[in-house]
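Please read the following note beside the sequence and the model.

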Amino acid sequence: MKYRTLGNTGLLVSQLCLGTMTFSDGSGVYKHIGNVGQEGADELVKASYESGINFFDTADVYSAGESERTLGQAFRNLGIARKDYVLATKVYSRVGKGRNDVGASRGHIMDAVEGSLKRLQTDYIDLYQIHASDSLTPIEETLRALDDLVRQGKVRYLGVSNWQAWRIATALGFSARLHLSRFNTLQAYYSLAGRDLERELAPLLAEEKMGLLVWSPLAGGLLSGKFSRDEQSPEDSRRAEFDFPVVDKERAWRVIDTLRPIAAAHGCSVARVALAWLLSKAVVTSVLVGAKRLSQLEDNIAATTLTLSEEEIRQLDAVSELPLEYPGWMLATQGADRLGPVDLWAGKTASVS
């Protein structure tokens, strides 16, 4: 297992992170995700820890807090010292029927962190993440509340999930100007079937030295090896019942067609190759892997030892490439002569109005 710093900090986290959305009683929307109980959770946490994974992620909304409770109890059951693992959870999503049981307001954050600490059976959270973009709460209010939690020692590092690039940039500006704790990470969707964050988010993360934590690296199971152009609804597949996250299916089928021969050449699963591709990207800090069974987890962990050739990465990059969008194609054109005179419009005038 390799380790990387959590954004621009000195905290080391494993390149794989165990995501615990599958730790669930199987009710509500989470019945499509998994129903791993305490015994199964203990097994998965133990196998993860013994493989070198020291990073574990959950959220207060997962199965109405059941994921946090199960994860916290697993660490107790296994006797893993608190200093030996990095614990991440999230706040924002609705956790009750009250008007303020949702969002990134000071009120909700202060209430929510106490609930998470209790369920996780811990005195502090290593990485506390705002789970979604709150259109009502001023960013400054959210940042001041989080900074107070850092000063109180209840939280050590801060992150966001599913935020827009402009909103992250605004928050970083506030933090610098007001001398508040800054966001260290973004948890976002990224996979061979969905590379949208490369447009605006990836350049921002690189510039600001923020870490990227990838959720749904197999596109909700689409890249697990069960799906293909000819088998779009396999049995016992989460994606067959819960078609999420959103992807361009035609592009995804082309990606899978390219993944299969590469996996065959390495004698491994399609999923392992898809994860190895992500791990090869410099912008990625850690990839969240979730599992319902130990065999799934073991296969995902094996991706850390798979090295793809430059040609294999080139093939996967090409087949999953995003279509050009403005201003990307204009930036590429106007920047083409930066190192020397060239005809900027050669071969392009037919499509330029």
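1. Helix H8 crosses helix H11 in a left-handed manner; a crossing is left-handed if the near helix is turned anticlockwise from the far one by less than a right angle, and right-handed if clockwise. Helices here are DSSP runs of H or I with at least four residues, strands are runs of E with at least two, and both are numbered from the N terminus. The contact (heavy atoms within 4.5 Å) involves Arg251, Arg254, Val255, Thr258, Leu259, Ile262 and His266 of H8, together with Glu312, Gln315, Leu316 and Val319 of H11. Sorted by class, the contact of H8 with H11 comprises five nonpolar, three polar and three charged residues. In this sorting Ala, Val, Leu, Ile, Met, Phe, Trp, Tyr, Cys and Pro count as nonpolar, Asp, Glu, Lys and Arg as charged, and the others, Gly among them, as polar.

2. The model is predicted: local features need pLDDT of at least 70 and side-chain atom pairs pLDDT 80 or more, whereas totals for chains, interfaces and linings use all residues. Residues are numbered from 1 along each chain as its sequence is written, and side-chain values use heavy atoms, with hydrogens and water left out.

3. Aspartate 126 belongs to strand E6 (residues 125-130). Is this residue, aspartate 126, buried or exposed? Aspartate 126 is buried, its relative accessible area being 5%; buried means under 20%, exposed over 50%, and partly exposed in between, with a 1.4 Å probe and protein chains only. Its side chain makes a polar contact of 2.8 Å with the side chain of arginine 82, and the side chain of aspartate 126 also reaches the backbone nitrogen of leucine 87 at 2.8 Å. A polar contact is a pair of N or O atoms within 3.5 Å; within protein, one must be able to donate a hydrogen and the other to accept it, and residues adjacent in sequence count only if both atoms are side-chain atoms.

4. Serine 116, in helix H3 (residues 106-120), is buried with a relative accessible area of 0%. Neighbours within four places in sequence aside, serine 116 is in contact with Asp60, Glu68, Thr89 and Ile125. From C-alpha to C-alpha, serine 116 and arginine 69 are 8.5 Å apart in space, although 47 residues apart in sequence.

5. In helix H10 (residues 294-301), the buried residues are Leu297, Asp299, Asn300 and Ile301. The buried residues of H10 pack against strand E3 (16-19), helix H1 (38-51), helix H9 (270-279) and strand E10 (284-289).
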